[in-house]
Amino acid sequence: MNMGKNIIIIISMLIISACGDSKYETKEPSQAETMNSGKLRVVVDESIKSILDTGMVMYQNDYEKVLLTTEYMNARRSMAELLGGLSRLIIVARDYLPDEDSLMKLHKVDKHYRMKVATDALVFFANKDYMIDTLNEAELKRIFQDGERLSKIFKINGEAKYYINEVNSSEYSHFNNYILDKKELRTNLNFVNSSDEVKEKVLEDKNGIGIAYLSHINKDDRFKMIEIGFHDSTGKYMRPVPVHQAYLVQDRYPYPVDYWVYLLEDRRNLPFWFGSYIAKESKYQKIILEKGIVPEFARIQLVTE
């Protein structure tokens, strides 16, 4: 089933001015920090660069009095920047990891104020002619927790090889949380240096299965995303459906990934207003929708054709 031909997403955006000022000024950056001027360094999870870089460009075009510097790092380094007080604002596609949470409790550091930007998804994908179209959560756990081979489960020729971004990436943290569920990894996982390299490896390997984000694979017709069946929070089995933003909205896909703006300080300062722009600016939220994932601050209506 082609989801795009069966459900139309009609979106009515919330009219939100992130900085409370509809007239963007175009003067030189000011040394004095205000809600729309000053210097700001932002650290962003490199795994979501393809989504966030558009927002950075839009913000800089709208607020030319802000001297904006953006650095892309893996999720672990990005969070270390925040926890070490080195960055006043980070944007990361995950929550705190257990060791980060423990460190904050040890040093009596409160959880940071944060704003949700969008919902992506952790997906499994393969070449278009790969023989497997669907999996379920139990089969994934048998493979990665118990070490069972995919070829044995489905009685197929050729053993699957699995590729994912490096261990400090947000992708791996979600894989660890959703698939391993604090258990030991018992199947070989091939770590590479970026989401782009994950795609390259899968293209080169006819038995390759990549683990990445929906935003990495969406609209890339070289691949197919594997549909996943699962049990929801009530215990009801949810049959596999196409990996699509419409099903993310309906909680019909088991592995959602949230993007968060984390603030070092809970204050109405330049980082706060910048974060509000990224999280709530309607024209940027429309861009997020067009990229195939779910913007947080939007009224979304699903209409079945």
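Mentor: Buried means under 20% relative accessible area. This cut-off will be applied to a predicted model.

Trainee: Why is Ser195 called buried?

Mentor: The relative accessible area of Ser195 is 13%. The cut-off for buried is under 20%, so Ser195, at 13%, is buried. The residue is found in helix 8, which covers residues 195–204.

Trainee: What does Ser195 touch, residues up to four places away in sequence not being counted?

Mentor: Ser195 touches Asn165, Glu171 and His216.

Trainee: Which members of the largest nonpolar core touch the most other members?

Mentor: They are Leu52, Ile91, Phe124, Phe144, Phe175, Tyr259 and Phe274, in a core of 72 residues. Strand 5 (residues 113–127) supplies the largest share of this core, 9 residues. Apart from it lies another core, of 11 residues, including Met73 and Met104.

Trainee: What is Phe274 in contact with, leaving aside its neighbours within four places in sequence?

Mentor: Phe274 is in contact with Leu40, Val42, Met56, Tyr59, Leu68, Leu89 and Ile91. As a general matter, nonpolar side chains in soluble globular proteins tend to be buried together.

Trainee: What makes Lys49 and Asp53 a salt bridge?

Mentor: Their closest N and O atoms are 3.8 Å apart. A salt bridge requires a side-chain nitrogen of Lys or Arg within 4 Å of a carboxyl oxygen of Asp or Glu, so the pair Lys49 and Asp53, at 3.8 Å, qualifies. Both residues lie in helix 2 (residues 49–62); being 4 residues apart, they are separated by about one helical turn.

Trainee: Why is Lys49 called partly exposed?

Mentor: Partly exposed lies between the limits of under 20% for buried and over 50% for exposed. Lys49 has 37% relative accessibility and therefore counts as partly exposed. Asp53, with a relative accessible area of 26%, is partly exposed.

Trainee: How do you know that Lys116 and Glu296 form a salt bridge?

Mentor: The closest N and O atoms of Lys116 and Glu296 are 3.5 Å apart, and the limit is within 4 Å. Lys116 lies in strand 5 and Glu296 in the loop between strand 14 (294–295) and strand 15 (298–304), so the pair ties together parts 180 residues apart in sequence. Glu296 counts as partly exposed at 33% relative accessibility.

Trainee: What joins Arg76, Arg94, Asp99 and Glu100 into one network?

Mentor: Salt bridges that share partners join these four residues, Arg76, Arg94, Asp99 and Glu100. A search of the whole structure finds 20 salt bridges.

Methods
Residues numbered from 1 in each chain as written. Predicted model: local features only at pLDDT ≥ 70, side-chain atom pairs only at ≥ 80, totals over all residues. Heavy atoms only, no water. Helix = DSSP H or I, 4+ residues; strand = E, 2+ residues; numbered from the N terminus. Buried < 20%, exposed > 50% of the residue type's maximum accessible area, 1.4 Å probe, protein only. Contact = heavy atoms within 4.5 Å. Core = buried A, V, L, I, M, F, W, Y, C linked by side-chain atoms within 4.5 Å.
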